[in-house]
Amino acid sequence: MKYKISEIMDIIGGGTPKTGKSEYWNGDIPWLSVKDFNNDYRYVYETEKTITQAGLDSSSTKLLKRNDSIISARGTIGAMAMIPYPMAFNQSCYGLRAKEGLVDEEYLYYLIKHNVVILKKNTHGSVFDTITRETFERIEVKLPSLMEQKVIASILRDLDNKIELNNEINNNLEQQLLTYYRELFITNAKATWIVGTIADLGNVVGGSTPSKKKAEYYTDNGIAWITPKDLSNDHSKFITHGEIDITELGFANSAAVRMPSGTVLFSSRAPIGYIAIADGEVTTNQGFKSVVPFAEIGTAFVYCFLKENLTIIENMASGSTFKEISGSTMKVVPAIIPDSDTLSLFKDYADVIFNQQRNKETENKRLSSVRDLLLPRLMSGELDISDLDL
């Protein structure tokens with residue numbers, strides 16, 4: 001049977017307590033904005049901000065309950081998550097609550113994810129695109145039985161669970177890496193180490209954008225070209241390609257620079273501080289001040305140094321419209337230059353962790369591809385669940 005999406009769920013609006021009222025903020029109620037769930041996790045467990053009961057009562061924000069879904073309605077449209085425990089949220093999002101007896105909660109989450117592209121095509125707004133309540137009125141879906149919904153959701157859930165487990169393992173490995181870095185280079189720093197700058201750690205390299213007016217400068221399979229948006233969309237530590245590549249012609253007609261595998265990419269504006277490691281030769285746009293580590297310093301040390309000193313670098317940024325780190329400023333960020341034996345010790349430790357993290361990220365890309373391939377086929381009924389070996 002077909003339903004409008006709006007008929008199978010309750011659509012809940014959010015709100016923001018007055019920012020000038022200190023009694024409304026820093027309470028014990030998690031308060032969601034899109035930045036809290038713009039990732040590949042199914043559930044969102046932490047929020048940057050919290051509100052008090054007074055803040056909740058003073059605003060139009062409502063509490064979502066466990067297994068409700070949330071979707072970003074403007075700005076970054078279509079980011080989604082499920083709710084593990086009661087949370088409030090801002091007006092840039094909608095809470096989606098499955099109608100009991102009609103649609104399974106997890107199935108609703110996957111159903112909306114499947115229809116995000118269509119939702120984006122039905123946005124409204126003169127200033128910026130927005131999903132409105134009317135958007136949900138325009139889209140019809142076919143619902144299988146509740147039993148079939150639960151089976152479909154379980155198949156997709158198992159894939160997401162494995163992805164999330166891999167992410168948790170990698171996060172734990174990341175903390176181990178940073179802890180060892182601090183132990184070696186901060187807690188037990190040697191008085192004999194000299195103070196230099198980032199320029200002593202590697203070559204600072206900017207990027208460039210070939211003319212967008214020249215279609216022949218861009219391709220799906222060419223020279224890897226990374227933008228800050230790519231690091232926003234893909235939270236992997238290791239990156240090989242962005243959303244689009246550039247051609248040899250585009251490269252030749254721009255100031256883009258080829259950088260080797262092991263380069264530490266650092267976004268220098270909008271925003272400052274996305275950090276990733278090139279897992280192959282790459283170029284970037286002008287939104288980066290990347291560091292090509294010197295061989296005796298190594299990728300792992302530069303990566304951890306940038307992670308640990310992000311606040312210092314941000315405070316050195318300038319600009320009236322938006323803050324930016326220039327190449328000249330990036331080069332003079334203070335840095336301690338350790339001895340070669342300590343650097344070698346850290347490199348050996350980090351190489352093991354890097355290999356484990358890279359393998360988990362590779363597996364996650366495969367699992368995500370399988371999930372994204374199954375999702376539309378399961379939702380459309382093209383793939384009969386009775387044919388699956390569960």
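In which sense do β5 and β8 pair, and over how many bridges?

A: The model is a predicted one, in which local features need pLDDT of at least 70 and side-chain atom pairs count only at pLDDT 80 or more, while totals for chains, interfaces and linings use all residues. Residues are numbered from 1 along each chain as its sequence is written, and side-chain values use heavy atoms, with hydrogens and water left out.

β5 and β8 pair in the antiparallel sense, over four bridges. Here a strand is a DSSP run of E with at least two residues, a helix is a run of H or I with at least four, and both are numbered from the N terminus. Two strands count as paired if DSSP finds at least two bridges between them.

Now the whole sheet. It is open and antiparallel, with four strands in the order β2-β8-β5-β6. Its edges are β2 (9-13) and β6 (80-82), each of which pairs on one side only. On average, neighbouring strands are turned by 25° against each other, direction ignored. For such angles, axes are lines fitted to C-alpha atoms, for helices over the stretch in contact, and the angle between N-to-C directions runs from 0 to 180 degrees.

Next come the side chains. In a regular strand they alternate between the two faces of the sheet. In β5, Ser69 and Ile71 point one way, Ile70 and Ser72 point the other way, and all of them are buried. Buried means under 20% relative accessible area, exposed means over 50%, and partly exposed lies in between (1.4 Å probe, protein chains only).

Helix α2 (residues 105-114) lies across β2, β5, β6 and β8, running at about 175° to β6.

Finally, β8 spans residues 93-98. Cysteine 93 has a relative accessibility of 1%, so this residue counts as buried. A disulfide is a pair of cysteine sulfur atoms within 2.5 Å, and by this rule the count is zero.

How values were computed: Contact means heavy atoms within 4.5 Å.
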